[in-house]
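I opened a new notebook page for this structure. My notes follow in the order I looked things up.

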Amino acid sequence: MQQVGDGNRFNLIHLAVTRIKQHRQGEPYLINAKNKEVVMTLREIAAGEVTFANIEELPESIEINDEHQIFTDQEEGAEA
């Protein structure tokens with residue numbers, strides 16, 4: 001919570017979700033540990049390796065994939 005400032009849990013969640021999406025696109029972890037995806041991401045944030053200032057410098061393909069995922073979800077809903 002200290003890394004994202006203002007004790008704002010929403011900011012922490014937003015940063016973590018963005019980073020998890022990057023990991024799912026193949027971006028490697030910036031710390032060495034053997035934990036589950038969420039814990040590893042929170043450890044990256046706690047270590048100061050992932051911040052709002054540098055998250056945008058990491059892969060840009062996420063926005064395209066998010067749009068594709070939304071489109072895919074809409075298609076699935078139309079089939080139901």
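**Confidence by element.** I am working from a predicted model, so I checked pLDDT at the start. Among the elements, helix α3 (residues 61-79) has the lowest mean pLDDT, 43. Helix α2 has the highest, 91. For the protein as a whole I noted a mean of 74, with 62% of the residues at 70 or more. Where pLDDT is low, the predicted coordinates should not be read in detail. I left that part alone.

**Layout.** I counted three helices and zero strands. From the N terminus on, the order is α-α-α. The protein has 80 residues, and 22% of them are buried. I also looked up the contacts with a separation of 6 or more. Residues 24 or more positions apart account for 48% of these.

**α1 against α2.** How do the axes of α1 and α2 cross, and at what angle? I found that helix α1 (residues 9-24) and helix α2 (residues 37-46) have axes that come within 9 Å and cross at roughly 120°. The crossing is right-handed. On the α1 side, the contact is made by Leu12, Leu15, Ala16, Arg19, Ile20, His23 and Arg24. On the α2 side, I listed Glu37, Val38, Thr41, Leu42, Glu44 and Ile45. Sorted by class, this contact has seven nonpolar, two polar and four charged residues.

**The buried face of α2.** Which residues of α2 are buried? I noted Met40, Thr41, Glu44 and Ile45. Seen down the axis of α2, these buried residues fall within an arc of 140°, so they line one face of the helix. The buried residues of α2 pack against α1. Just after α2 comes Gly48, and I recorded its positive phi of about 80°.

**Ile55.** I then turned to the loop between α2 and α3, where Ile55 is found. Is Ile55 buried or exposed? Its relative accessibility is 6%, and buried means under 20%, so Ile55 counts as buried. What does Ile55 touch, leaving out residues up to four places away in sequence? I found Leu15, Thr18, Arg19, Gln22 and Val50. I looked up one of these pairs in more detail. Ile55 and Leu15 are 40 residues apart along the chain, and their C-alpha atoms are separated by 7.9 Å. Leu15 also belongs to the contact of α1 with α2, as does Arg19.

Notes: Residues numbered from 1 in each chain as written. Predicted model: local features only at pLDDT ≥ 70, side-chain atom pairs only at ≥ 80, totals over all residues. Heavy atoms only, no water. Axes fitted to C-alpha atoms, helices over the stretch in contact; angles between N-to-C directions. Helix = DSSP H or I, 4+ residues; strand = E, 2+ residues; numbered from the N terminus. Left-handed = near helix turned anticlockwise from the far one by under 90°. Contact = heavy atoms within 4.5 Å. Nonpolar A, V, L, I, M, F, W, Y, C, P; charged D, E, K, R; others polar. pLDDT = per-residue confidence, 0-100. Buried < 20%, exposed > 50% of the residue type's maximum accessible area, 1.4 Å probe, protein only. Arc of directions from axis to C-beta.
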